[in-house]
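Student: Hi! I have a chain open here and would like to talk it through. Could you help me read it?

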Amino acid sequence: EVRNVLKDDSFVSICISDSHYPADENTRKSALHALMAIKGLTHLIPVDFIAHLGDVGLEGSTVNTSVLE
């Protein structure tokens with residue numbers, strides 16, 4: 001659907017928010033799958049930029065983004 005409405009001067013962005021690094025294994029897998037889905041989108045449609053609006057960590061934890069590289 002995105003490709004159907006794109007024009008020469010269009011840009012495509014993905015906005016993410018509140019992807020707290022989960023403390024348990026089940027929700028950690030869910031967060032990883034969400035990041036992988038976003039990466040997959042960038043291979044299907046021309047994404048110009050991705051903005052993350054905050055709340056990446058939880059209680060000092062960090063997110064392992066190496067899966068996105």
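Tutor: From the N terminus on, the elements run α-β-α-β, where helices (H or I, at least four residues) and strands (E, at least two) are DSSP runs numbered from the N terminus. This is a predicted model, with local features needing pLDDT of at least 70, side-chain atom pairs counting only at pLDDT 80 or more, and totals for chains, interfaces and linings using all residues. Residues are numbered from 1 along each chain as its sequence is written, and side-chain values use heavy atoms, leaving out hydrogens and water.

Student: Ok, where is valine 12 found?

Tutor: Valine 12 lies in the loop between helix 1 (2-5) and strand 1 (13-16).

Student: Why does valine 12 count as buried?

Tutor: Because its relative accessibility is 10%, and buried means under 20% relative accessible area, with exposed over 50% and partly exposed in between (1.4 Å probe, protein chains only).

Student: And what is valine 12 in contact with?

Tutor: Leaving aside neighbours within four places in sequence, its contacts (heavy atoms within 4.5 Å) include Val2, Leu6, Ile45 and Phe49.

Student: New topic: in what sense do strand 1 and strand 2 pair?

Tutor: Strand 1 pairs with strand 2 (residues 49-52) in the parallel sense, over 4 bridges; pairing needs at least two bridges found by DSSP. Serine 13, for one, has phenylalanine 49 as its bridge partner in strand 2.

Student: Which residues are on the covered face of strand 1?

Tutor: Ile14 and Ile16 are on the covered face, while Ser13 and Cys15 are on the uncovered one. In a regular strand, side chains alternate between the two faces of the sheet.
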